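I set out to record how this chain is packed. My entries begin with the whole chain and end at its surface.

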Amino acid sequence: MKFLLKQVMLHQLFIICQSNKERAHKRTVNKGFTQEGKKKQRTTEKEKEKRNKRGRYLQRLQPINQAQIPMISLSDVYHVVSATVPLYFAMLLAYISMKWWRLFTPDQCAGINKFVAKFSIPLLSFQVISHNNPYQMNLKLILADFLQKLLALLALTALTKISSRGRLNWIITGLSLSTLPNTLILGIPLLKAMYGAEAESLLSQIIVLQSLVWYNLLLFLFELNATYAVPITPSSEITVDHEDPQEAEEKEEEEEEEEETQTRTTRRVKTMLILLTVGRKLVRNPNFHATLLGLIWASIRFRWGVKMPEIVDSSIMILSNGGLGMAMFSLGLFMASRASIIACGVRMAVLSMAMKFTAGPALMAVASLATTLRGTVFKVAIVQAALPQGIVPFVFAKEYNIHPDILSTGVIFGMLIALPIALAYYSLLEL
């Protein structure tokens, strides 16, 4: 009996030991699995964190790339085209009316052109300039405009020195082609459609410089060329008689001194005549008066807040609002009056267009970078330099008979290709 009880107790102890061993083994196994699971979990979390960091980095890069490579949309192109096509419609209507329908005689065309030159363009200039604040003018843009003209003058002077056509008249023509675009008639509506109201304010500053500085300097150069084109004839001749050699030498020296004095006096007189002629033409130029009065009124208006009387403002607005259409209509009549659109020959036309649409913007780009222009101001400066030839330089060239065929081609052919050229520069500057 005792033996059986002893066997039962030993069996129970064995079972208890076995169960304790199994529980200890399970705890060990579970502990190992738990540590391995924690390691795997930590590894998974690290991988997730790396993926999240990579995703955030790519998200930051995406807007940067989009900002660096903006694309011009079709709606932008349509907006620019819709703002400029009406101008071409007025020009085309005038061309058809004159060339095909014969609605206007040459005398009537001359009357329309005179109305545009004496009233429409001056009043349009006054309206644009008087609405621009002269106390907020962009000095860097003005400096870039001055620098562009200076670079063009230096480059043209160097070219005339090494060329067979090294004369002042070619410098004048080159300056007109490369640095004096049609900012008032075509520039304002075109660039306003591209860059908004800021472009109109910037262009009005360039118009002030053109009307008050560059056109007057151009007129001075035309007068200078006309004056010095006439050779200076000596007033006395040196005669050699049979005299004493010493007396003959003294007489010759006296005559040379008199001739030099007379030459200097003649040059001073001619310079004074040039200045007087330029002054008289400025007095008779209504656009000069309109620009000057517009600048004076803008200074008063934005300094003291004085408003123009409504009667005067409305009277000016009636004519100035139609000035743009009348100016384009006058251009169409001028195109119809010419025997050929390319009046100077294909080779000279290609050269003049290259100067107008390549050299001009390139010089302005150099000047703008030198004066640290940035953003919209830089873009407006480049695109306005790529506008077609201005009308005023052609009027001067026709009056003084200095390459009017080249400048007329610049005006006519330049107007026909102005829109695609401007859109090309607009797209290029948006890259």
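I looked up burial first: 38% of the 431 residues in the protein chain are buried, where buried means under 20% relative accessible area, exposed over 50% and partly exposed in between (1.4 Å probe, protein chains only).

I noted that the model is predicted, with local features needing pLDDT of at least 70, side-chain atom pairs counting only at pLDDT 80 or more, and totals for chains, interfaces and linings using all residues. Residues are numbered from 1 along each chain as its sequence is written, and side-chain values use heavy atoms, leaving out hydrogens and water.

I then counted secondary structure: the protein chain has 15 helices and 0 strands, taken as DSSP runs numbered from the N terminus (helices H or I, at least four residues; strands E, at least two).

Of its 84 residues, Leu 190, Leu 191, Met 194, Tyr 195, Phe 222 and Met 328 touch the most other members. Helix α7 (residues 197-228) gives the largest share of this core, 13 residues. A second, separate core of 7 residues includes Ala 94, Met 98, Leu 333 and Ala 336.

Leaving aside neighbours within four places in sequence, Leu 190 is in contact (heavy atoms within 4.5 Å) with Val 80, Thr 84, Leu 387, Leu 419 and Ala 422.

Finally, I located Leu 103 in the loop between α2 (74-99) and α3 (106-130). Leu 103 is exposed, because its relative accessible area is 52%.

Note on methods
Core = buried A, V, L, I, M, F, W, Y, C linked by side-chain atoms within 4.5 Å.
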